[in-house]
Amino acid sequence: MRKILAVALLDCRRLGFGLVSFALVAGLIPSLASGLGAPVSVAAMLVGAFAIVGIAAGGSFGNDFGDGRSSFFFARPLSTGALIAGRFAGFLALAAAAFFAFMASYWLSTRGRGVWSPSILTRAHAEALFDSWAISLFFGLAIAARGRASRPAGALRTLVIIPLRLALSLGAFILIFGLFADLVLRAYFGTVTPIRLVVGSWVVASFVASCVAMAAGRTERLRIARFQNRVMIAYFTLVSMVVVATWTYVLHPGSDAIQRVGNPTWGSPDGRFAYVSTTVDRGDSSSFQPIFVLDIASGQARRLNADKYQGPWTSADGSSLVWSEATPFFFRPLWRYLGGATSFRVRTSSGNVEPLPMPKKLPDFFTARDLASFAGAVDQVIPSPDGDVFAILWDRYLTFTSRSRGELSEIDLQPDRRSVRGAVFLSSGDLRAAVASGDSRLEFVDIDPKSGTSKTVASMEVGNLARIQVDKNAARALLTSVTQPGQGASISLVDLSSTGRATRPTILLSGVLFPSAVFLADGRIATTGGGSAGARDKRSLRILSPTGQLVLDLPVGEGTPPRLGSEMFPGVLAVRLSRFDEELSLVDTNTGAIVRRLPGFEAPMTFSFSSPPPPGSPAARLMQSADGKLYELASLTAEPRLLLPLARR
Amino acid sequence: MTNGAVVRVDSVSVRYNENLVVDRVSLEVARGSVYALLGRNGAGKSSLIRCLLGLQKPTSGQVFAFGEEVWKHRARLLTRTAYVPETCDAPGQLRVSDIADFHQSMYPTWDSGAVRSRFARFGVSESAAISALSKGQRALFTLALALGSKPELLVLDDPTLGLDVVARNDFFSDFIGELADRGTTVILTTHDLAGVEGIADRVGILQGARLALDEDVEQLKVERGQSLEQIFTDITRGPGRQS
């Protein structure tokens, strides 16, 4: 202990005056900055001051190993452990002195109004101190050991081996960094834990490398450098293995890893599959929600390796599926530069998965902006039923590509401030798109993919448009729009069966709260709403004819507005009669009778321009429970069958 | 180890990358004797000295002091050993008294009074910063520190470097002779062959990484009929290896 204190005291004598002086000046900065109108946080300033103390003390320690100076300690009866402990103790004493000098200076500069308490210290201060000390010790030692220790290498060695080693090291580093970045941004975007772990382990490894190098090398610089290298190579090897193993494990969960089923979860248009967003037993659940494709009949679920918000998108008949394959995006620019294929994939009706030809100028990787928002470069890809032509909405463009013919045409939506609100391929091969322009104009247009020319089907003035739905053949549309805040909303029906110019929509509901509507399989329309504004307790569930005539008005009593689900069986509609009651009611759309009540369930969501599964098909009979489970209801009288998560053995 | 040998170097080699600077050197230093290790610049003297003090691990071979392996037991053995490096290794911004205080904590046998009197004798002010001392003062300051622990073994790596002629003569005649008389074992490297001729009991000459000569000085002079300088010149005339 006496020797440790002697080393510590020596360090304090060497650095004390300089660091305390520095801390006194640093303590003045917060009040000076405040006086100049640019406030600086005292705690943040102290973090910076501590970092400087750490750098000075650690650097001084490492630098002592340069040019034979380390013999001052090693030629004395002082063990390496006592030397390190003494230097660390000295560093802590210097940090304490700097802290008191800083706070005293701050307190005096604020004429006693500043906070003068050790409680200002947080974990950030401890990290700043130790990290800066350990890292500057490592680099100070490395510089001292390598200063003049390395001898000139031979020409062959210089020309071949060193660049080769550098290239391999750089390549390995980029590979591991890329996988780590991929892991963090996909599975741990909402937490800093992995970054903190890696940085923390690097600091600890650097410290361990310094200690090992000092103990093994003492005054021999070549040996110090060699042992520093060995420890760091061992560390990087270990980290690489951990990163690769974690990347593989976390980002590639099997169906047995599913813990909860979340949203969006929806059924395929052909009624066979469910696309299920899940929470799994790994990664950060707020940022990592892998999608599984569930074959409902067999109960087999397979993960679709898709980028978040980049699919899957299905054709209207469900035969084609498009998504962006979640390859490590850090390498995508390089991959594309090397002539690699796009990350977008299409699964055709034959089951083959092939790269999807994308617009040539589309950046096939996340930009920095995309990384921040986690939205991709592509807004949507709409496959044609034959799986050959694709409409790609991205940035300001609508581009058509063909697997057999390449890029077909491109429409720039920017000039008229147009935006495509939804689109679906017709059986004719044209794309029927709802295009909004200006503040209130909506047009339905049919676009020829080959030429990019379009003809107007219907155009109208609408209010604040919230939702557009089309029926199975895109021959009718339901528009949900908000008129005035507090005045409720309206739902109108638009006939798209004939080419028209100015169109007047048929108003089905107006001035109601939380209205919703769906097309039923037989062409009828179901609507709900919370009653007119000012009469919130009056609710309705109505069945209308295909042209919007009232067929059935079902009183559902008082309460919050109902919410429509899907048509689970032919003529049987799933409805949540109260938004806050966790109960799904199955309503006979011909009689208005509630044929079954299912407490604790809700129906999966439907999409505006996506065909719902046929009533009675497995995908139409899906239900989600409030506790995150996915069920299938085989018949009106059957017990719900659990599909996901898989039962634990 | 031969009876009475304080230091035994057993087939020690030192290699820096591809460069072999000490090649299987073996030697012994008897208790109370003065051993002069000679060699041209880069002959490997300093590397061997560092191995001898446990500052550096030999590439192969072992060094023993007081019967114990030096690399493994360095800290303990150094309580009985003092070292005077070629250049002063104390941090320059510290004062002389700071370094003396530090040494006092390191050595149980530290004699503060003797150290102070040597500082006074050498004209070294205790309040002076190390960096403010002249080259000669730094050498004497280092020597005073080394003697302060009353070592049984004193290792000096070219200690007269930077001293003027008078100080150099004093150094050899007074200090080394006095130490030897007190039974202190001394190992030193130097280029001052005339200085060591009168005080060294045994001499070793490193040439081409090997120990080309290891003999008693008196016996050597009788056998060869030459001065130490002439013998050294004859042996080291060939090109030495660079360390």
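Two strands are taken to pair if DSSP finds at least two bridges between them. In the predicted model, strand β25 (residues 563-569) of chain A meets this criterion with β26(A), the two running antiparallel over 4 bridges. A:Phe569 has A:Val572 of β26(A) as its bridge partner. The hairpin formed by β25(A) and β26(A) has 2 residues between the strands, and A:Gly571 adopts a positive phi near 80 degrees there.

Strand β26(A) also pairs with strand β27 (residues 583-588) of chain A, again in the antiparallel sense and over 4 bridges. Here A:Val575 has A:Ser585 of β27(A) as its bridge partner.

The burial of β26(A) was examined next. This strand spans residues 572-576 of chain A and is mostly covered, with 5 of its 5 residues buried. In a regular strand, side chains alternate between the two faces of the sheet.

Between the chains, 22 residues of chain A are in contact with 23 residues of chain B. On the side of chain B that touches chain A, at least two residues each are supplied by α1 (45-53), α2 (74-77) and α3 (96-106) of chain B. The largest share, 4 residues, comes from α3(B). By residue class, this side of chain B comprises 13 nonpolar, 5 polar and 5 charged residues.

Definitions and conventions. Residues numbered from 1 in each chain as written. Chains lettered and ligands numbered in written order. Predicted model: local features only at pLDDT ≥ 70, side-chain atom pairs only at ≥ 80, totals over all residues. Contact = placed C-beta atoms within 7 Å. Nonpolar A, V, L, I, M, F, W, Y, C, P; charged D, E, K, R; others polar. Buried ≥ 20, exposed ≤ 12 C-beta atoms within 10 Å, placed from the backbone.
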